[in-house]
4 protein chains.
Amino acid sequence: MVLIEFSMFPLDKGESLSPYVARILDIIDKSGVNYRLNPMGTVLEGDYDEVMGVVRQCFKALEKDCRRISMTLKMDYRKSNESRLEKKIQKVESILKRELKK
Amino acid sequence: MVLIEFSMFPLDKGESLSPYVARILDIIDKSGVNYRLNPMGTVLEGDYDEVMGVVRQCFKALEKDCRRISMTLKMDYRKSNESRLEKKIQKVESILKRELKK
Amino acid sequence: MVLIEFSMFPLDKGESLSPYVARILDIIDKSGVNYRLNPMGTVLEGDYDEVMGVVRQCFKALEKDCRRISMTLKMDYRKSNESRLEKKIQKVESILKRELKK
Amino acid sequence: MVLIEFSMFPLDKGESLSPYVARILDIIDKSGVNYRLNPMGTVLEGDYDEVMGVVRQCFKALEKDCRRISMTLKMDYRKSNESRLEKKIQKVESILKRELKK
């Protein structure tokens, strides 16, 4: 099972990127893949081809009208089918014996 | 005002990293810098030197007993003193006219 | 045309990663995609599906015997068919009117 | 000893970023820190505070006239004073018994 976090935005549309981020989140939200949005990117969880397929859709959606696009992506693959979207954080909170800001 | 998202972990301690991630979150949580934890990293907000000072503390805390350490960090600086930890997400949700998974 | 830079390595094989990096570079070098290796990752250039297809092959090659895999990837897409593997650096050197360390 | 690779650019100056990348490379090249430029970023080697000090100088140089700045950075720390700027690549080439494209 793969966890990825990515962010993608155009470099030719000026400083305010939210319309393009919204275009991407619309795709992610409707993809059926489990995700969590945060202020610096979106975490997706699923099988490699499933999540990278959503990333590809997002790229294709910007490619239509953007001349330059930047993306950063990081991946954490683990050989198990267990979801870690919540578990990774719960484990850290149980070690520290307190809730953290999420 | 700077938003950064970073993750840092040792490469010489095997597959399970939560004890080291907990060591880092303990520092971040006690630093007084505003932050949000997510399954793939932690977002911090503040002035450049403030947030990078916390990153340095986290590195020094692992350097003591880890022989190899990996970090990824991304930064989004904007010339304003307005907090964006919530605003960036709210703006996307207002464009899409619906709540997203956070 | 897309430029990506990525690095991928297992987290369950200890501190020395070169055997796994070599496994990946073997795939990249034989893929036919244009690339440049640097001390922190490998830059590939081509069409989106072409370069991401190579990244997928590298993941599949590690997935066989690695329990946990980390990847970071960044992409710079530009709407042109012109290669930028050399041009991006030449442009900076022409602005600075001197050669830089490559 | 730390190896970092970073790239930093403004988001409010349009599609062509080379003048700003040149401003940063001028700082890195004159810093005295050992570095290698590649098409997607610059690799620096040195002690943590030394290389992160150069990153800070680069940020301060853009902050003067850029309203929004993006940076990605990755770090590979190893407990040794041995330079790896060349060694990491040489090790992979010796495993594969052939030269790779650099």
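**Close-up views of a predicted model**

**View 1. The interface of chain C and chain D.** Across the interface of chain C and chain D, 22 residue pairs are found in polar contact, counting pairs in which both residues have pLDDT 80 or more.

View 2. The area buried between the two chains is about 3,500 Å², with carbon and sulfur atoms giving 62% of it. Of the area that chain C buries against chain D, 22% is supplied by C:Pro39, C:Met40 and C:Lys101, more than by any other three residues. Eight salt bridges are counted between chain C and chain D; in a salt bridge between D:Arg98 and C:Asp26, the side chains meet at 2.6 Å, N to O.

**View 3. The surroundings of D:Lys101.** D:Lys101 lies in the segment that comes after helix H3 (87-96) of chain D, and D:Lys101 is partly exposed, with a relative accessible area of 39%. Leaving aside neighbours within four places in sequence, D:Lys101 is in contact with C:Asn34, C:Tyr35, C:Arg36 and C:Leu37, and a polar contact of 3.5 Å joins the side chains of D:Lys101 and C:Asn34. Within chain D, the C-alpha atoms of D:Lys101 and D:Gln90, which are eleven residues apart along the chain, are separated by 12 Å.

**View 4. B:Glu45, a buried residue without a salt bridge.** B:Glu45 has its place in strand E3 of chain B, and the nearest side chain of opposite charge, that of B:Arg84, is 4.8 Å away. The side chain of B:Glu45 is instead joined to that of B:Ser83 by a polar contact of 2.6 Å. Beyond neighbours within four places in sequence, the contacts of B:Glu45 include B:Met1, B:Val2, B:Leu3, B:Val33, B:Asn34 and B:Val51.

**View 5. Helix H1 of chain B and what covers its buried residues.** Helix H1 (residues 18-30) of chain B has 13 residues and reaches 18 Å from its first C-alpha to its last, close to the 18 Å expected at 1.5 Å a residue. Its buried residues are B:Ser18, B:Tyr20, B:Ala22, B:Ile24, B:Leu25, B:Ile27 and B:Ile28. The cover over these buried residues includes helix H3 (87-96) of chain A, together with strand E1 (2-10), strand E2 (34-38), strand E3 (41-46) and helix H2 (48-63) of chain B. H1(B) is followed by B:Gly32, which has a positive phi, near 85°.

Key. Residues are numbered from 1 along each chain as its sequence is written. Chains are lettered from A and ligands numbered from 1 in the order in which they are written. This is a predicted model: local features need pLDDT of at least 70, side-chain atom pairs count only at pLDDT 80 or more; totals for chains, interfaces and linings use all residues. Side-chain values use heavy atoms; hydrogens and water are left out. Helices (H or I, at least four residues) and strands (E, at least two) are DSSP runs, numbered from the N terminus. The expected span of a helix is 1.5 Å times one less than its number of residues. Buried means under 20% relative accessible area, exposed over 50%, partly exposed in between (1.4 Å probe, protein chains only). Contact means heavy atoms within 4.5 Å. A polar contact is a pair of N or O atoms within 3.5 Å; within protein, one must be able to donate a hydrogen and the other to accept it, and residues adjacent in sequence count only if both atoms are side-chain atoms. Lys and Arg count as positive and Asp and Glu as negative; His and the chain ends are not counted. A salt bridge is a side-chain nitrogen of Lys or Arg within 4 Å of a carboxyl oxygen of Asp or Glu. Buried area is the accessible area (1.4 Å probe) that two parts lose on being put together, summed over both.
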